[in-house]
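Subject: Structure to look at, with notes on its aromatic rings

Dear colleague,

I am handing over the structure below, and I would be glad if you read it alongside the notes that follow.

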Amino acid sequence: MECEWLKILVVDDKMARGVGANVVMVVAVWWSVFTATQAAQQNWTLSGTNLTVGGAVPGGVYSDLMTAQYLDKGDFYYRFNDLEYRFVSLDNWTYTTQLDVDASHLNHTRIALVFEGLDTVAEVVIGSEVVGRSDNMFVRYVFNVKDQLQEGNANTLQVKFESPVTYAARMYDAQAADYIVPPKCVPSAYQGECHANHIRKMQASFSWDWGPAFPNAGIWKDWRLVGWNSLLVTDIYFSATPSSSLPTTPDPSFRPGWNITIKVWCDAAQESGEVGGSLTISLGNLYSLKQTITATVENYETVLVSNFKIEEDQVDLWWPNGYGNQPLYNLTALWSDSAETETSSKTVSVGFRTVELNQDYIDLDNITKGRHYRVIVNNVTLFMKGSNWIPAHILPESVTPEYTRALLNAAAQTHQNCIRVWGGGIYETDAFYQIADELGILIWEDMMFACSMYPVNEDFLTSVEAEVTTQVRRLQHHPSILLWAGNNENEAALRDNWYGTAQNFDQYKADYITLYVDTIRPIAMEIDDTRPFVVSSPSNGIKSEEEGYIAAHPYDNLYGDVHYYNYNSDAWQGEPFPITRFASEYGYQSWPSFKSMHEVTEEEDWSSTSPMSYHRQHHPVGQEELALQIGLHMHLPPQDGTAASYQQYLYLTQVHQAMAVKAETEFYRRWMSSVTDEGEGYTSGALYWQLNDIWQGASWASIEYGGRWKMLHYYAKNFFAPVITSTYMDTDNVKVYVVSDEIGDVKNAKLTLKLHRYDQLGAVSSVDNTLTVAGRTASEAVSLNLESDLALSTHCQKDLIDLVDVCFLTSHLALSDGSYLAPDNFYLLGKPKDAPLPDASIQVTSILGPTSSGSSDWTFTVMVNSDAVALFVWLETDVPGVFSQNGFVMTESQMEVLFYADQETTTGELQASLTVMSLTDTLSRVYQNQQQEGLKDSAIHPNDKNKAIHPNDIRNVFIL
Ligand code: BMA
């Protein structure tokens, strides 16, 4: 046969959508049925009961029905549409297309349909013959179809999806005939579907405590029909070990040699036996070698191996964000058959770094003090600063690489160097990890198992084996991936009987070990021997393993990581947070801005107690906890159905969240380099829960759905800064810590602590200290007595108000030349609700720009003026972009803030929608309401000591 040489690009979703070009899979084969472009342009229909519409592949049923306007009640996230549209997930859906095949195509040894992802339970049919089945959203399926195809376009391909909800229920019932694998269902507050743990699908698609249920179906990743005679390159493994030890202090000029191992996984045209050909490996312009290889094929697969060395001084180290650059090198594996008539190749980008999760005893002379849980990159112990990632949309097809990049950029801009991909979502897109590689964000990668027990029948385990194989092979080469973790919270759930497993503990424990220890772990470690595997998060790490994988106290502060949530005590004042080795989850809820809520609500919804607010609050008693937390420090405005009071409520939730997570994160950073006599301390990481939102609702996120920064995200920019000051009260003493993640020491730094009165601009007194800021150390810089050192009673008298309610502190750390070494920080000695907070009048007095800065080509300088001290000053605009700071405290009459617009913007456009508010606005509202309601005589301004309590004041509801 005459050979037609078709060089085609078969690309992952990132490439298809035009993002960065580093991970490009190039398949040049003798013949291929569809190029990527053809595959993408192939027409599909989607059919359900009594309905046929156009289908998009890759895509999903919900989106197709929306495009076809069959879903006619508006946006997916509008009001109660998650319930309105739930019927979609209860139906079965079929995608259909016609495959046009030339006679010449049919001669190839193997012809296969390759699906990078099918969501989830489907039968793949050509004509009337079933060619394959899927039951796992995370598996790459390759179905042989040579015998089912015929010449011409009469090849009808159907992918028939069963409702994920009914399938999960069927599996649950079948399992329950033996014993129940709980939880039976999510809490009713989730408004979700049951039995997500019985289907290998995004667990959160059945609902979570921050998101809706949209159990989707569809061909959610790329697919192709391909014919070949030899090998197709599918994935590349990359291992680089330094040939000499790295220094423990980073030295940019140190560029060691590396021992490299490459493995190339291939799909073979034949089922078994030997295949001859050549493998060419090229690594940037550093290395290229063609080797002749005879590969042994088993079950249509083979792996090709190549070892080589990179000499010294050839490559730069890849560093996490904040510690250096992220050089990436293109690695290409090219297979050619012996006759050199058929080739297949793939290019990925790789980086040179080492990672270790160190669990040494902290004190070899006293091992009861426990073990470290610290991340060592390139031989340097680094504090992990970051957050937890959930899916960026409930429908994966709705997430663009641009949006992913915006979210990860926002993490990098706030000094985050580690993000945990949480186990109830998806193994993220290629674009996600590529962007993380580029930004230097280490990825703690959970396997997708969360908050449940899971079945361990043969079918389930077989499916999980394929899942782990698919995903670890796909992702292994990314320098950003720090570790694999088996599951989210299932060790703790089992130990603490979250789902009523105690009566049959031994059974569930055995199942747990079967799934994570005996099935997932060996596969992951066999494929990827370059990074650690931990069985669960939280866990005690090695200690959990020693205790048979279900530790007696999985939340032990002396071992492993901890998830910590407490909504009932006073987080602002540093309630007793755990002195853990690694805080991998902690957080507090808030609501998104009014601008976000406005998009999906109607006026009748604008109250914290409206049915809509409860509908979007999936965390049981979350609204009450939020009210309690706000009431501890501020005044909850009466919810009178007006936009203003609702807006103030939303704002207060964000203030509360920002302050609480600030206090907790500073606490963890303060414990970085010290330890108690019992061994608590040496905290090595703080990953707050959670970075991003899935929709507009109450959640722990610091970034709203759509990308708008909440106050917490602005605070993260400060509390994760490389060097911070952190103040707290230890009985009568004010302690100021300086925490530095910098590698080197900084001499002659000047720390200034200022005392301020709420009713007076400027400081009333201040204390200076000169110090050396030690690198990668947290230490107490000063300890001052409020009375003797800061003369509290001299400066902070006012009527009958407590001294600590009249004054507050700010801290400043500067270099000897006066420039800032750390962001300014503040510490409230008392509670704002008890403070004589003046009615500040805050104005934006000028907007200058735009100019070009490193952050944006449209950077504006916004001057904010106030006639009085103001807390939590909050700027908002409709123009997409971020401020240099927000939610700040004004102690001077003027503040300069930069605004970085995402798009071309004029001063007029920015000015038109720019608003400013502060805590005073919520206080005066309480006051006004008291007056309106005839409480004038008894109602004193809430700033005054003898204030009356407003009927809606939270103090009437809760005993504090
Ligand atoms: C954690 C997570 C999630 C949850 C969050 C907030 O424990 O693992 O399951 O969304 O708490 O409740």
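A residue is called buried when its relative accessible area is under 20%, exposed when it is over 50%, and partly exposed in between, using a 1.4 Å probe and protein chains only. Please keep in mind that this is a predicted model, in which local features need pLDDT of at least 70 and side-chain atom pairs count only at pLDDT 80 or more, while totals for chains, interfaces and linings use all residues. Residues are numbered from 1 along each chain as its sequence is written, and side-chain values use heavy atoms, with hydrogens and water left out.

Searching the whole structure gives 55 aromatic pairs, where rings of Phe, Tyr and Trp (its six-membered ring) pair if their centres lie within 6.5 Å, and planes under 30 degrees apart count as stacked, over 60 as edge-to-face and the rest as tilted. One of them joins Phe449 and Tyr454, which are edge-to-face because their planes stand at 85°, with the ring centres 5.1 Å apart. Phe449 is buried at a relative accessible area of 0%, and Tyr454 is buried as well, at 4%.

Tyr728 and Tyr737 make a tilted pair, with 45° between the planes and 6.0 Å from centre to centre; Tyr728 is partly exposed at 22%, whereas Tyr737 is buried at 13%.

Ring pairs also link a cluster that includes Tyr62, Phe76 and Trp695. Over the face of Trp695 lies Arg616, 3.9 Å from the ring centre, and the charged end of Arg110 sits over the ring of Tyr300, 4.0 Å from its centre; this wording requires NZ of Lys or CZ of Arg within 6 Å of the ring centre and within 35 degrees of the ring normal.

Best wishes
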